[in-house]
Amino acid sequence: MPGKLTLAAIPFDQPIIMVTCVVLLIGIRVRARASDLLGRWKWLWVEWLSTVDHKRVGVKMYVLLPW
């Protein structure tokens, strides 16, 4: 249950999971920094995050909520 998770639930003994998490966090950080340097935050907000275009909403749902 989400309210009862503790640090003991993190699988520190599973190297594949931990390396994947680190790589994903580094990738998110690199992408955020690139967006910052290129000044693409407004474009990202207007074109993708707040859009009502059904095709883009579908892509967001497929990419962000696959599970």
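1. The lining of the largest pocket divides by class into 6 nonpolar, no polar and 2 charged residues. Here Ala, Val, Leu, Ile, Met, Phe, Trp, Tyr, Cys and Pro count as nonpolar, Asp, Glu, Lys and Arg as charged, and the others, Gly among them, as polar.

2. This is a predicted model, in which local features need pLDDT of at least 70, side-chain atom pairs count only at pLDDT 80 or more, and totals for chains, interfaces and linings use all residues. Residues are numbered from 1 along each chain as its sequence is written, and side-chain values use heavy atoms, with hydrogens and water left out.

3. The residues lining the largest pocket are Arg 31, Trp 43, Leu 44, Trp 48, Leu 49, Lys 60, Val 63 and Leu 64. Helix 2 supplies the largest share, 4 residues. The space in the largest pocket is about 270 Å³. A pocket is an open set of points on a 1 Å grid over the protein atoms alone, where a 1.4 Å probe fits, with protein on both sides within 12 Å along at least five of seven lines; lining residues have an atom within 4 Å of a point. Points are joined across faces, edges and corners, and the volume is the space filled by probe spheres set on them.

4. The secondary structure consists of 3 helices and 0 strands, in the order α-α-α from the N terminus. Helices (H or I, at least four residues) and strands (E, at least two) are DSSP runs, numbered from the N terminus.

5. The radius of gyration of the protein is 16 Å, whereas a compact globule of 67 residues would have one near 11 Å. That radius is taken over C-alpha atoms, and the globule rule is 2.2 Å times the number of residues to the power 0.38. The C-alpha trace spans about 40 × 30 × 20 Å along its principal axes. Of the 67 residues, 4% are buried (under 20% relative accessible area, with exposed over 50% and partly exposed in between; 1.4 Å probe, protein chains only).

6. Is Ser 35 buried or exposed? Ser 35, in helix 1 (residues 15–38), is buried, because its relative accessible area is 3%. Not counting residues up to four places away in sequence, Ser 35 touches Arg 40 and Trp 41 (contact means heavy atoms within 4.5 Å).

7. Leu 49 of helix 2 counts as partly exposed, at 45% relative accessibility. Leu 49 touches Leu 44 and Lys 60, again not counting residues up to four places away in sequence. From Leu 49 to Lys 60 the C-alpha to C-alpha distance is 8.2 Å, with the two 11 residues apart in sequence.
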